[in-house]
Amino acid sequence: MKIISKRKLTLQVFEDLVNNEVLINYYGSLNFELASYLIENLKLSLKKTGVDESVSRKIYSSFVEGIQNIISHQIDDVEQVPYGIVNVSRKGDSFLILLGNLIDPQKKSILESKVDAVKNLSEKELRTEFKKRLKDVDPEKSNSAHLGLFQMAINSNDINCYFNELENGELFFLVEVTI
Amino acid sequence: MNILNIEGTISTPAISVDEISFVLSGETRPENPKKFYEAVFSSLEQIHSKLTNEAISNYKFLFDFEYISTSSLVMIKKLLMELSKLQKDHPFISVEWRYYEMDEDMQMLGEELAEITGLNMDVLIRS
């Protein structure tokens, strides 16, 4: 894994999108209020694209789940500025959602295995697993059984994750959802 | 008598609870679903008391969501589980889950939640 700076990583991510039609783009600190603002803006942008309602709902749902995931899993360190990348773009008939944030490097293998687990399931298997997890989840506990990740996978045609080690030892986690 | 009345926002549903109906509508993706739904469960307890005291003899729960985040979904499941218990003691309670015609996921979700919670719930297209 190549070690790069936060600035270079941001530029690299956005450079790959240069030929796409960007619907929403943000990088920097993220909190719930700002996320809500981005979510509302995406809703307006989606209306303007004239895309089919069912596709629009999938994009919206994946974006909300992803951005809420970033907020709830941001590194809880007062000395560290939360840093996220959020982008939705269209390339041809597909929509690409990129959601990234800094994570605890020790969580890398757990996250990798979770994304791999959903990636290898068919839509039918994903729906079955989603229902099972919804049935089993205990509302009194704080975790939501990773239903958000399953929802994103159900919505998508493809889901991938990437890890980038930054020069100060931080680890950046990027999820790419194609719809 | 109005028991709970919360206006909807871009991230939280409108909630209206009185002695005739219990209605949740709009989008639900609050920052802290557990905290947000505390008031809903508290209102449900009040309705439960009124049903037990036979102060109410006819009651309707209506779920008319446009969007449910998965973190909210866990709270909705908890609510439907409570309703399922309530419905066993008071079979006249009606529960309706509405969805937009083109929103198959919301339809499926309503059907799955009814199955998971054992709730007698009508899943209907929004008119």
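**Exercise 1. Find the strands that helix H4 (residues 108–119) of chain A lies across, and give its angle to S5(A).**

Solution. Start with the strands: H4(A) lies across S4, strand S5 (158–166) and S6 of chain A. Next comes direction: H4(A) runs at about 165 degrees to S5(A). Axes here are lines fitted to C-alpha atoms, for helices over the stretch in contact, with angles from 0 to 180 degrees between N-to-C directions. Contact means that C-beta atoms, placed from the backbone, lie within 7 Å. Helices (H or I, at least four residues) and strands (E, at least two) are DSSP runs, numbered from the N terminus. Now try helix H3 (residues 53–72) of chain A: it lies across S3, S4 and strand S6 (171–178) of chain A, at about 5 degrees to S4(A).

A word on the model: it is predicted, so local features need pLDDT of at least 70 and side-chain atom pairs count only at pLDDT 80 or more, while totals for chains, interfaces and linings use all residues. Residues are numbered from 1 along each chain as its sequence is written, and chains are lettered from A and ligands numbered from 1 in the order in which they are written.

**Exercise 2. Work out the strand order of the open sheet in chain A.**

Solution. The six strands follow the order S1-S5-S6-S4-S3-S2, with mixed pairing; a pair needs at least two DSSP bridges. At the edges, strand S1 (3–4) and strand S2 (21–28) of chain A each pair on one side only. Inspect one pair: S3 (residues 84–91) and S4 (residues 94–103) of chain A run antiparallel, joined by eight bridges. Ser89(A) stands opposite Leu96(A) in S4(A).

Key
Two residues are in contact if their C-beta atoms, placed from the backbone, lie within 7 Å.
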